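Hi,

Here is the model I promised to pass on.

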Amino acid sequence: MTDPIGLARTALAAFASGDTSAAERFIGPDYANLESTDRTGLRGPAEFRKTIDWIHESFADLRYDEIAMLADGEQVVAWVVMHGTHVAPFLGLAPEGRTFAVEQVHLFRIADGRLAGHRAVRDDLRLLLSLGARVTRREGTALKVHHR
């Protein structure tokens, strides 16, 4: 029997460590990451590896702190906080060694005992502001990151 939460935790551990050597064991051949369609048309373990490489090109010290995991049949919802350090250009932002912590929700679909799909809801605005992006309101004042 497949452990859906275990599969999601395995994927998030790979996101954090960058180690995708065992991807074929937990990523299905038709795995689709709907968050990477702007970067790659790949599927399966190759797509998973490409995404992990892309994240690790810009960030070091990655970790994903689990807030909650819920499984319902062949779907898993993982609410996490992603932590890291900005060490190389990311979406045009030069690295300044800033650390960040942003909430994310990952939605995994499972088929035939492996991950078959991924979507995410991320706080990308907080990430970009944490990395030093400048967003200015119409009246000219800067939008700032507010920590909870």
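Below is what I found in it, starting with the ground rules.

This is a predicted model, where local features need pLDDT of at least 70, side-chain atom pairs count only at pLDDT 80 or more, and totals for chains, interfaces and linings use all residues. Residues are numbered from 1 along each chain as its sequence is written, and side-chain values use heavy atoms, with hydrogens and water left out.

Let's begin with strand β4, residues 99–111. Helices (H or I, at least four residues) and strands (E, at least two) are DSSP runs, numbered from the N terminus. In a regular strand the side chains alternate between the two faces of the sheet. In β4, F100, V102, Q104, H106, F108 and I110 point to one face and are buried. By "buried" I mean under 20% relative accessible area, with exposed being over 50% and partly exposed in between (1.4 Å probe, protein chains only).

F108 has a relative accessible area of 2%. F108 and M69 are 39 residues apart in sequence, and their C-alpha atoms are 11 Å apart in space. Q104 also counts as buried, at 6% relative accessibility. The Q104 side chain makes a polar contact with that of H106, at 2.8 Å. A polar contact here is a pair of N or O atoms within 3.5 Å; within protein, one must be able to donate a hydrogen and the other to accept it, and residues adjacent in sequence count only if both atoms are side-chain atoms.

Now for the neighbours of β4. Two strands pair if DSSP finds at least two bridges between them. Strand β3 (residues 75–86) runs antiparallel to β4, joined by 11 bridges, and V77 has L107 as its bridge partner in β4. Strand β5 (residues 114–122) is also antiparallel to β4, with eight bridges, and H118 in β5 stands opposite F108. The hairpin of β4 and β5 has two residues between the strands, and D112 takes a positive phi near 55 degrees there.

What makes up the nonpolar surface patch of about 330 Å²? L70, V77, L107 and V121 do. Areas come from the Shrake-Rupley method with a 1.4 Å probe, and for residues only the protein chains shown count as cover. L70, in strand β2 (residues 59–72), is exposed at 56%. V121, in β5, is exposed at 54%.

On to the inside. A nonpolar core is a set of buried Ala, Val, Leu, Ile, Met, Phe, Trp, Tyr and Cys residues joined through side-chain atoms within 4.5 Å. The largest one has 33 residues, of which F26, F48, F59 and L115 touch the most other members. Elements supplying at least two residues each include α1 (4–17), α3 (44–58) and β4. The largest share, seven residues, comes from α1.

S130 is buried at 12%, and a polar atom of its side chain lies 2.8 Å from the backbone oxygen of R126.

Cheers

Technical notes:
Patches are made of residues with over 30% relative accessible area and no salt bridge: like charges are joined within 9 Å, nonpolar side chains (Val, Leu, Ile, Met, Phe, Trp, Tyr) within 5 Å. A salt bridge is a side-chain nitrogen of Lys or Arg within 4 Å of a carboxyl oxygen of Asp or Glu.
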